[in-house]
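Here's a quick briefing to read alongside the model. Have the viewer open and follow along.

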Amino acid sequence: MKRIALLSLGVLLLATACNNNTKQEKETKAVNEPQQAPAETVASLAQAQDYFLWNEEKPAIKGEIKDGSVWLTFDKEQVVYQTTNDEEMYRLPDWPVEVEGLRGEPQGICIADIGQDFNPILCVLLPEGKVQVLSLWNSMVTGDLNATLMPFEGMVGLEAGPGGEFETEDGEIGYEYMTIYAVDDQGGKNEIPLYLLEHNLEYSEDHDVLVYRLHLSEDWKMMYVVDDRAHNRTEEERGRFWEIESDWDNMVFRFGYELTEGFVYSENGVKGTEENAKGVFEIRQNEGEWDDFYVIPIENIDFCKKGMNQPVKFVRGSAYGG
């Protein structure tokens, strides 16, 4: 677990510094002066960000806003060793790469871990307070640099810090993980969520020549793929998805999705088209069936052609590589 043991001391020191600054500011303000956004909100509009692994003097990932784009530079030796330890799985060049799919000019960036271990996530603040995210470990092994739009608006800053606050038996405050917050104009912190269920699902029957696959990335990208038994792709649709509601007690999760591009594969090649299709699906797990995932199409795509609102039992499948 990364840095969790040090969080209590670190947060205490940070809180003390913030409290001292706040006290000094309040003493110098006029009584009737209008309240402004918190100082940390303004400071979090970073134009550049370094991310460190074990080497605290040399960043493993460098991010920078330049000429209206976000650019990333990866230290291949560090990131490969930390993740796959296999250079053949690495998909990025040694020079800076541009983050793709941004829906506006970037206003600020944040690169920090989300979770209990090294897991760098890039968050980009856009005009109108929108936020897009990119899982950098996923980028490394797939080459995918498309940032995903999150269901946020009206945000004014990004801030990394501890999450999952709890009180110990001794009455002390502890934290379960690190995370990133999108901060609104009232200083409210909105945690950036990640998709935490199985990422690669597939369905097929013994007599069926087709294999249906769902690839759901940590940073909310969605791919629906149809292959034949010889691994020849016949259909592919790509987009994003988001959580509508979750019930962890009963393991029932409902998601909305938006498909933006599709591809049809044939002997004549690949034909791509733009799409604007939105829908809803659920994923459920039954108690004791932890290797099975029931996917229920609610709106739009009838997964596996079994009928809408009919649960189809998917199993863990192979990962998608770019």
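Let's start with Phe281, which is buried, with a relative accessible area of 0% (buried means under 20% relative accessible area, exposed over 50%, partly exposed in between, with a 1.4 Å probe and protein chains only). Before going on, note that this is a predicted model, where local features need pLDDT of at least 70 and side-chain atom pairs count only at pLDDT 80 or more, while totals for chains, interfaces and linings use all residues. Residues are numbered from 1 along each chain as its sequence is written, and side-chain values use heavy atoms, with hydrogens and water left out.

**Aromatic pairs**
- There are 15 aromatic pairs, counting rings of Phe, Tyr and Trp (its six-membered ring) with centres within 6.5 Å; planes under 30 degrees apart are stacked, over 60 edge-to-face and the rest tilted.
- Tyr195 and Phe241 have ring centres 5.2 Å apart and planes at 75°, so they sit edge-to-face.
- Both Tyr195 and Phe241 are buried.
- The rings of Phe241 and Phe281 are tilted, because their planes are at 40°, with centres 6.5 Å apart.
- Phe241 lies in strand β15 (residues 233–247) and Phe281 in strand β17 (residues 269–284), so this pair ties together parts 40 residues apart in sequence (strands are DSSP E runs of at least two residues, numbered from the N terminus).
- Ring pairs also build a cluster out of Tyr195, Trp220, Tyr224, Phe241, Phe255, Tyr257, Phe281 and Phe303.

**Nonpolar cores**
- The largest nonpolar core has 42 residues, and Ile192, Phe281 and Ile283 touch the most other members (a core is a set of buried Ala, Val, Leu, Ile, Met, Phe, Trp, Tyr and Cys residues joined through side-chain atoms within 4.5 Å).
- Strand β16 (residues 252–266) gives the most to this core, with four residues.
- Beyond its neighbours within four places in sequence, Ile283 has contacts that include Tyr195, Leu216, Phe255 and Val295 (contact means heavy atoms within 4.5 Å).
- Another core, of 26 residues, lies apart from the largest one, with Ala60 and Ile109 among its residues.

- Eleven bridges join β9 to β10 (residues 173–184).
- Phe166 stands opposite Gly174 in β10.

Note on methods. Two strands pair if DSSP finds at least two bridges between them.
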